[in-house]
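Subject: Structure handover

Hello,

Here is the structure you were going to take over. My notes on the two ligand sites follow below it.

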Amino acid sequence: MQLYKSQSLKIYNSLSGKKEVFEPLNEGHVGMYVCGPTVYSHVHLGNCRTFMSFDMIFRYFKHLGYKVRYVRNITDAGHLEDDADEGEDKISKKARLEKIEPMEVVQRYTVDFHNILQKFNFLPPSIEPTATGHIIEQIEIIKDIVDKGFAYEVNGSVYFDVNKFNEQNHYGKLSGRKLEDMISSTRELAAQEEKRSPQDFALWKRAEPQHIMRWPSPWGDGFPGWHLECTAMSTKYLGETFDIHGGGMDLKFPHHECEIAQAEASFGQAPVKYWLHANMLTLNGKKMSKSTGNNILPNEIFSGENDIFSKAFSPTVVRFFMMQAHYTSILDLSNDALLASEKGYNRLMDAIEELENLKVSGSSDFDVAAWRQSCYDAMNDDFNTPVLIAQLFEAVKHINLIKEGQEKITEADLNMLSLAVKTFVFEILGLERKHDAQGDSQVLSGVIELLIELRNQARINKDFETSDKIRDQLLELGIQLKDGKEGTSFTVS
Ligand code: AMP
Ligand code: ZN
């Protein structure tokens with residue numbers, strides 16, 4: 001029997017503002033769409049937190065025995081600098097500044113995104129579609145919305161008519177806003193002149209002659225609005241109504257509100273049963289963000305090359321730190337918090353190693369079955385990983401007492417305990433064992449130090465051919481040597 005039949009999962013639905021019992025549209029199946037990154041720069045740790053929350057959720061659904069189709073897109077066109085359809089496309093801008101093709105920008109940062117996620121031990125989504133790969137689908141949806149009278153064309157751009165939509169629907173139901181209040185607080189911007197109302201949003205934007213990312217359409221050359229790609233890709237792969245849509249809290253408005261409006265206007269039905277929003281990672285109490293520069297990149301934390309943290313932290317310790325907070329709570333990143341997480345992680349891993357050495361007895365002092373159910377209860381309560389971790393430390397306490405001979409456990413209970421601890425820690429939280437997580441990087445550091453020593457020796461001997469070869473070939477492998485007053489240091493990208 002699949003586990004989901006015996007475990008009742010409740011999830012917090014941002015749309016209703018309540019925890020609801022999860023009942024998928026199709027028994028045994030879960031369709032989940034999560035807004036992916038805009039690939040115009042490196043992902044920061046804040047972005048990683050949101051994706052990690054959904055990785056954990058994906059893992060738990062799979063563990064419960066559901067067949068999950070998890071779609072997480074790549075935004076490689078259409079995301080403008082300003083939410084009010086103003087400014088340049090973020091990817092075009094980067095391409096212009098660096099004098100490279102937009103698709104080179106996309107390739108570079110998509111590869112970077114995948115590398116980072118792999119370090120954090122993410123599971124790949126079932127489908128990872130791109131906005132540029134779905135231009136035809138987006139044009140079809142726009143045509144449909146125009147035909148149904150909810151969008152209008154002006155000078156080669158097409159805008160969604162929010163007032164028209166709001167006559168029979170509620171624009172703002174996800175973010176709890178009223179259209180009248182939104183209109184009175186909206187800024188007047190140049191591009192708004194074409195709109196009937198400032199709240200209207202672009203489905204298609206006319207491409208000015210200098211705009212490089214452009215596609216032909218019934219309205220002339222242009223590019224799709226950012227909100228539309230998610231409607232096109234989610235409904236293409238998951239159906240006109242699907243189970244779960246996720247993303248960071250900051251996407252609730254306007255992005256997700258617009259997605260709801262587009263889908264309801266086109267398909268005549270609500271697109272999503274459960275909306276899930278992950279909360280923000282902050283640094284110095286402020287939201288981590290690409291645009292303000294208040295952020296830290298994952299590699300800066302893994303290598304220790306930054307001014308904020310006293311040492312390097314492994315990806316799995318950072319993951320453990322993030323899992324210690326509920327995904328709907330704000331989490332502040334600090335050196336002290338990471339040091340505490342590292343301690344906790346080490347204690348947990350030490351106890352897992354001890355499981356192999358525990359002696360069994362004829363009776364148990366620890367009710368393992370009840371403990372295991374309390375772990376499920378934590379996860380079933382809107383994926384409450386901090387409570388799950390507290391339960392795991394409850395197990396650590398018993399493991400240590402059994403080790404010291406102060407408690408007893410039967411063989412059957414020990415097997416159950418061992419399997420459950422490993423399942424929750426590795427399969428569901430996605431943590432990695434100490435030696436898997438640290439061993440590789442320690443060995444790598446050792447080898448690089450050795451090469452640095454050989455290079456220094458070669459330089460002393462004026463054998464510059466060898467010293468340059470070591471430096472250049474390491475660079476090709478993504479390892480950069482930096483010569484300074486204190487000696488040679490290195491960074492791994
Ligand atoms: P972007 O690449 O800017 O579209 O963002 C990708 C994802 O990261 C979105 O789901 C955002 O909501 C999320 N995100 C952005 N900043 C943060 C942050 N500081 N903490 C958590 N998630 C974030
Ligand atoms: Zn989206």
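Donors here are N, O and S atoms within 2.8 Å of the metal; water is not among the atoms, so sites may look incomplete. Please also keep in mind that this is a predicted model.

Zinc site

By that cut-off, the zinc ion (ligand 2) is coordinated by Cys35 through SG, Cys230 through SG and His255 through NE2, at 2.0 to 2.2 Å. Along the chain these donors follow the spacing C-x194-C-x24-H. Cysteine 230 belongs to helix α7 (residues 226-238) and histidine 255 to helix α8 (residues 252-267); the two are 25 residues apart, and the pair links distant parts of the chain.

Ligand 1

Ligand 1 sits in the largest pocket. There are 16 residues around ligand 1, of which Gly46, Thr50, Asp250, Leu281 and Met288 come nearest. By class, this shell has 7 polar, 6 nonpolar and 3 charged residues. Helix α1 (residues 45-63) supplies the largest share of the shell, with 4 residues.

- Aspartate 250: a side-chain N or O atom is 2.4 Å from an oxygen atom of ligand 1.
- Threonine 50: a polar side-chain atom lies 2.6 Å from a nitrogen atom of ligand 1.
- Asparagine 47: a side-chain N or O atom is 3.0 Å from an oxygen atom of ligand 1.

On its own, ligand 1 has 490 Å² of accessible area, and the protein covers 94% of that.

Regards

Note on methods
Residues are numbered from 1 along each chain as its sequence is written. Chains are lettered from A and ligands numbered from 1 in the order in which they are written. This is a predicted model: local features need pLDDT of at least 70, side-chain atom pairs count only at pLDDT 80 or more; totals for chains, interfaces and linings use all residues. Side-chain values use heavy atoms; hydrogens and water are left out. A residue is near a molecule or strand if one of its heavy atoms lies within 4 Å of it. A polar contact is a pair of N or O atoms within 3.5 Å; within protein, one must be able to donate a hydrogen and the other to accept it, and residues adjacent in sequence count only if both atoms are side-chain atoms. Accessible areas come from the Shrake-Rupley method with a 1.4 Å probe; for residues, only the protein chains shown count as cover. On a 1 Å grid over the protein atoms alone, a cavity is a set of points where a 1.4 Å probe fits but cannot get out, and a pocket is an open set with protein on both sides within 12 Å along at least five of seven lines; lining residues have an atom within 4 Å of a point. A molecule sits in a cavity or pocket if more than half of its atoms lie within 2 Å of its grid points. Ala, Val, Leu, Ile, Met, Phe, Trp, Tyr, Cys and Pro count as nonpolar, Asp, Glu, Lys and Arg as charged, and the others, Gly among them, as polar. Donors are N, O and S atoms within 2.8 Å of the metal (3.2 Å for Na, K and Ca); water is not among the atoms, so sites may look incomplete.
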